[in-house]
2 protein chains.
Amino acid sequence: MADTPRFERASLVTFVERVLRSAGVPADACPGAATHLVLADERGVASHGVARLPFYVARFRRGLIDPVAPLTVERQTAATLALDAHNGFGMVQGPRAMGMVIDRARASGLCVATVRHGNHFGIAGAYTLMAAREGMIGVAMTNASPLVAPLFGSEARLGTNPISVAVPTGPAADDPPVVLDMSTSTVAWGKVEIARRAGTALPLGWALDEAGDPTTDAHAARWLTPLGGPPETGGHKGYGLGVIVDIMCGPLAGAAWSARVSGARGPDRAAGIGHTFMAWRVDAFRDPDEFYADLATFLSELRETPVSPAYAGNRVLIPGDPEREAEREAGYRGIPIAAPVVTELRALAATGVPFDIVRVA
Amino acid sequence: MADTPRFERASLVTFVERVLRSAGVPADACPGAATHLVLADERGVASHGVARLPFYVARFRRGLIDPVAPLTVERQTAATLALDAHNGFGMVQGPRAMGMVIDRARASGLCVATVRHGNHFGIAGAYTLMAAREGMIGVAMTNASPLVAPLFGSEARLGTNPISVAVPTGPAADDPPVVLDMSTSTVAWGKVEIARRAGTALPLGWALDEAGDPTTDAHAARWLTPLGGPPETGGHKGYGLGVIVDIMCGPLAGAAWSARVSGARGPDRAAGIGHTFMAWRVDAFRDPDEFYADLATFLSELRETPVSPAYAGNRVLIPGDPEREAEREAGYRGIPIAAPVVTELRALAATGVPFDIVRVA
């Protein structure tokens, strides 16, 4: 990442806002959506950040995402919501839905919501962070277009189907939450693309080739495998987690399930993605001060675990540490955007939005 | 398993009931607890079945489990419960707690509960099956005594911290639910014990030795590793899942967290385990008939996935298939109990309970 150009945050957010506005997203929704998208780059998840903007814009132009879709409540109780995103923009409808979940959890202790007819919603961690900032535990899941083969299968029937859980560690907005944000595949597709560009082999257990055979050739890789890899190291577990995410976000939400979700590789139609969000108040279960005190001790005990000789030079981390460190670094060094992505953003600007993002390193 | 003796179910349940009653468990609680325990053996999870009975009895005798403890509500809302099991028997307090969760979810759409001061509660899948039989999606998690090293760590700071999710596939009691029931380690410790007895090597990625180095020597294995194994194949994900389970079941529940949970290897005191249970009604989110129809299609599409040449002879399964198959086989062939376990059960019987379990194969 040493050579990746870095850009000033405000200029990047403003550029994304303008691009979204030019694509038809209502002006009042653009700042939030742009902030949401750029957060992925700040947290080091470049595959889900502004690199996706050209894809989103192309889908707006082809009428495959409705920039002004409403978010409607289809069913509800005091603690549940079944929402319909009407094929709206993920970066608008997702945060709107999670905001409703948080509001309802504030009133009733917890809320679980499904969202149907959605689109790619960015990093799942952005939603759970919304909950953690309000002193709540948050959960977010989404299905996605097919890319992961079931255990023993030779072709994809599941998306990377990520799960995020965030837990607040204190009452202050700057207490750093624990944030798990993981695909249920061994790796995300972006890791295969990195290996392709670097010309390196893949570890066994990442991918299958066209015939469905495990492969270490990044260029031959076509499908991903579930977390756990082959059966003897628990591939049925990652597969099982992926299935559960897809049931929640697909059939339960009334959305498509993964083999039927349309993505960049799929047919030219609305994605049909579904999401599941949850939030619950800490004080529904325990006195928050006692919880935060115990959690701090637990996290310290984890951090102080002696390091295995096989991993000398590393240290035991808490889920979310790497993303938090990336965000901190982005804060003082600027946000890294890979050169090819900068070129693509410049091409978007050619349509009338001034390309004035400020390089700082 | 061909040589494992098999026993008639009713005789086994009755024997367990009598042993529990002689240990001080109230008579009206014994049938449910015995059924719960034997279900693990029926479903092929022998490590969590009657093999644990001598361990439980020893703990009853040493006053480390209270057979008559109440289950009290510490906090509640329409959709949440914070429960205290007062160091009661896991196989009594666990089902009682999940029953309360199901009742509350029936009324309010969903319920999430934590349980503090618990004990080993058997297979997590037994709880989620309770929900699925009522037409609800169920979730169960528990922490456990330390056995799993954090990623990069050289010694245990987490339990195997299992997660189960069950999803009903139809309105009838005999519609087979989807059941994920997984530890967040690569494998459960029982697999290491099997390799020890068989004299086989462990796959790399299962275990660490005393020094914290990865090992393939079953006898040298001392700690388990998180699902995903080394960092390049996603060990941070299994570790992260284990941490989240422990936060929910430990600090949030007001229970011990794993490094402080006492188990068979730990100090001679109450376990201090915590659990988290959830249940939600399908119809809070979607018309159940539509849900069941979509889910059936999704599951069919998974089952029909072409098989990878690397796994010829296998087929793509649905989470819960192996346990369901074991249960079906146990139904007509009897319940398998390994010979050394039978010997231990006989030793329990020496204290006055007639040892009259009926061998059928």
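Q: What area is buried between domain 1 of chain A and domain 2 of chain A?
A: In this predicted model, about 1700 Å² is buried between the two domains of chain A, and carbon and sulfur atoms give 68% of that area.

Q: Where do those two domains run in chain A?
A: Domain 1 of chain A covers 1-62 + 328-361, and domain 2 of chain A covers 67-186 + 225-304. Their C-alpha centres lie 23 Å apart.

Q: How many residues are in contact there?
A: Domain 1 of chain A contributes 20 residues and domain 2 of chain A contributes 21 residues. Three residues, His36(A), Tyr56(A) and Arg59(A), supply 34% of the area that domain 1 buries against domain 2, more than any other three residues.

Q: And how many salt bridges does the rule find across that domain interface?
A: The rule finds one salt bridge between domain 1 and domain 2 of chain A. A salt bridge joins the side chains of Arg62(A) and Asp268(A), at 2.2 Å from N to O.

Q: Which elements give two or more residues to the domain 1 side?
A: They are helix H2 (30-42) and helix H3 (53-61) of chain A. H2(A) gives the most to that side, with five residues. By class, the side of domain 1 that touches domain 2 has 13 nonpolar, three polar and four charged residues.

Q: Changing topic to the two chains: what area is buried between chain B and chain A?
A: The area buried between chain B and chain A is about 7400 Å², and carbon and sulfur atoms account for 71% of it. Phe152(B), Lys237(B) and Phe285(B) supply 11% of the area that chain B buries against chain A, more than any other three residues.

Q: How many residues does each chain bring to the contact?
A: Chain B brings 90 residues and chain A brings 90 residues.

Q: How many salt bridges and polar contacts are there between the chains?
A: The rule finds two salt bridges across the interface of chain B and chain A. Arg260(B) forms a salt bridge with Glu301(A), and their closest N and O atoms are 2.6 Å apart.

Q: One last topic: in what order do S8, S9 and S10 of chain B lie in their sheet?
A: The three strands form an open sheet in the order S9-S8-S10 (chain B), with antiparallel pairing. Strand S9 (214-215) and strand S10 (223-224) of chain B are the edge strands, as each pairs on one side only.

Q: How many bridges link S8(B) and S10(B), and what is the bridge partner of Ala207(B)?
A: Strand S8 (residues 207-208) of chain B pairs with S10(B) over two bridges, in the antiparallel sense. The partner of Ala207(B) in S10(B) is Leu224(B).

Key: Residues are numbered from 1 along each chain as its sequence is written. Chains are lettered from A and ligands numbered from 1 in the order in which they are written. This is a predicted model: local features need pLDDT of at least 70, side-chain atom pairs count only at pLDDT 80 or more; totals for chains, interfaces and linings use all residues. Side-chain values use heavy atoms; hydrogens and water are left out. Two strands pair if DSSP finds at least two bridges between them. Helices (H or I, at least four residues) and strands (E, at least two) are DSSP runs, numbered from the N terminus. Contact means heavy atoms within 4.5 Å. Buried area is the accessible area (1.4 Å probe) that two parts lose on being put together, summed over both. A salt bridge is a side-chain nitrogen of Lys or Arg within 4 Å of a carboxyl oxygen of Asp or Glu. Domain bounds come from an automatic or database domain assignment. Ala, Val, Leu, Ile, Met, Phe, Trp, Tyr, Cys and Pro count as nonpolar, Asp, Glu, Lys and Arg as charged, and the others, Gly among them, as polar.
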